Amino acid sequence: MLKELRTERAMLDESIVVLERLAIGRGKRRGRPPRWMVEATVRRRGRPLGSKNRPKAGTEQPDTKA
């Protein structure tokens, strides 16, 4: 049982070292982010899908067919 715990501790120590190296080595990213990241984080501008253009109140056009 002790042997298993020691091997698990060694694996955790290695994982911690790798994560620390990744955190230190990351600088400011350059270039455009991948599409999946943009789609997950950026909200779309404009009207939602399925919405209609509605005339504003009081700006209705007169009926010319009379």
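L2 is found in helix α1, which covers residues 2–25. The structure is a predicted model, and its chain holds two helices and zero strands. Buried residues account for 0% of the 66 residues in the chain.

**Helix α1**
- Helix α1 comprises 24 residues and reaches 35 Å from its first C-alpha to its last.
- This span is close to the 34 Å expected at 1.5 Å a residue.
- The number of buried residues among the 24 of α1 is zero, so the helix lies largely in the open.

**L2 and the nonpolar patch**
- L2 has a relative accessible area of 56% and counts as exposed because this value is over the 50% cut-off.
- Together with M1 and L5, L2 forms a nonpolar patch on the surface.
- The accessible area of M1, L2 and L5 together is about 380 Å².
- An α-helix has 3.6 residues a turn, so residues three or four places apart point the same way.

**Surface of the whole chain**
- The chain exposes about 8000 Å².

Key:
Residues numbered from 1 in each chain as written. Predicted model: local features only at pLDDT ≥ 70, side-chain atom pairs only at ≥ 80, totals over all residues. Heavy atoms only, no water. Patch = residues over 30% accessible without salt bridge, like charges linked within 9 Å, V, L, I, M, F, W, Y side chains within 5 Å. Areas by Shrake-Rupley, 256 points an atom, 1.4 Å probe, with all protein chains shown as cover. Salt bridge = Lys/Arg side-chain N within 4 Å of Asp/Glu carboxyl O. Helix = DSSP H or I, 4+ residues; strand = E, 2+ residues; numbered from the N terminus. Buried < 20%, exposed > 50% of the residue type's maximum accessible area, 1.4 Å probe, protein only. Expected span 1.5 Å × (residues − 1).
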